[in-house]
Amino acid sequence: MVQEKLDKKVIALKLVAGALALWGLLSLIGLLIKNVLVHGSIGSWDRHVEIWFVAHRSTSLNTLTSYAHNFGGTWYVIGIVIVILPIFRWRLGRWHESGVILIVMVGEVSIFLAVTFTVHRQRPNVVRLDTSPPTLSFPSGHTAAAVALYGGVAVLLFSIYGLNWKTSLSAIILFILPIIVGLSRLYRGMHYPTDVLAGALGGGLWLSLVISTVYPKKVRSEYRKIRLEQLR
């Protein structure tokens, strides 16, 4: 079995070390933005972007973003994960891909919470369209979750089914979702642009680490051979 070839202890150490490093990196960025860069051009840009979004609000956009931002929300993400894990298991006859998604999401949430309570940044000083603790601005958890989840599913689809029009179309949709989530969070006054960018960075880096560690090329290649043999 491919799983037996992977040293679980080494994998665990790499993931823990990577999570700690990512927590440190994002926390450093967040503290710099909060305490130093907020007084310069970056802080000015953050505030002006939020003011611009507030000035362009409308009833229809308020309604649209109230649904759109949920694609990165806690309960939506949990629901999607609960649905796709057994689907991967059923379609592939193994739990490895499901485990990859589970590790991605558990790690993403853990890192997000650790960074959030380290940085403790106040949300934008504008009328916010959602209720949430005021000091959970950096990074954007919705954006991080969307990048990690939908990016992870896209990577697995390419790995399992290869490059074709179906996987390409699916990937385009999956890659667009985090952008929609991030813009919706900005529009609704819940985050500064730097919060959203940091969320995307954190979600993307953690996803890359998990894929390279738990689902490396040699494993993907071997599973693809197994998949092709099953289809014959």
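Predicted model: local features only at pLDDT ≥ 70, side-chain atom pairs only at ≥ 80, totals over all residues.
The largest pocket has a volume of about 560 Å³. It is lined by 30 residues, of which Gly 72, Gly 73, Thr 74, Phe 112 and Gly 141 are the closest to its centre. Helices H5 (74–92), H6 (96–119) and H7 (141–161) are the elements that each give two or more residues to this lining, and H6 gives the most, with 8 residues. By class, the lining comprises 15 nonpolar, 11 polar and 4 charged residues.

Helix H7 has 21 residues, which at 1.5 Å a residue should span 30 Å; its end C-alpha atoms are 30 Å apart, in agreement with that value. Of these 21 residues, 18 are buried, so that H7 is mostly covered. Just after H7, Gly 162 adopts a positive phi of about 80 degrees.

| Salt bridge | N to O distance |
|---|---|
| Arg 121 and Asp 46 | 3.1 Å |
| Arg 121 and Asp 195 | 2.7 Å |
| Asp 130 and Arg 185 | 3.8 Å |

Asp 130 lies in the loop between H6 and H7 and Arg 185 in helix H8 (residues 165–187), so this pair ties together parts 55 residues apart in sequence. Both Asp 130 and Arg 185 are buried.

Asp 46, Arg 121 and Asp 195 are linked in a network of salt bridges. Arg 121 and Asp 46 are both buried, and Asp 195 is buried as well. Because Arg 121 lies in the loop between H6 and H7 and Asp 195 in helix H9 (residues 193–214), their pair joins parts 74 residues apart in sequence.

Definitions and conventions
Residues numbered from 1 in each chain as written. Heavy atoms only, no water. 1 Å grid on protein atoms, 1.4 Å probe; cavity = no way out; pocket = protein on both sides within 12 Å on 5 of 7 lines; lining within 4 Å. Points joined across faces, edges and corners; volume = space filled by probe spheres on them. Helix = DSSP H or I, 4+ residues; strand = E, 2+ residues; numbered from the N terminus. Nonpolar A, V, L, I, M, F, W, Y, C, P; charged D, E, K, R; others polar. Expected span 1.5 Å × (residues − 1). Buried < 20%, exposed > 50% of the residue type's maximum accessible area, 1.4 Å probe, protein only. Salt bridge = Lys/Arg side-chain N within 4 Å of Asp/Glu carboxyl O.
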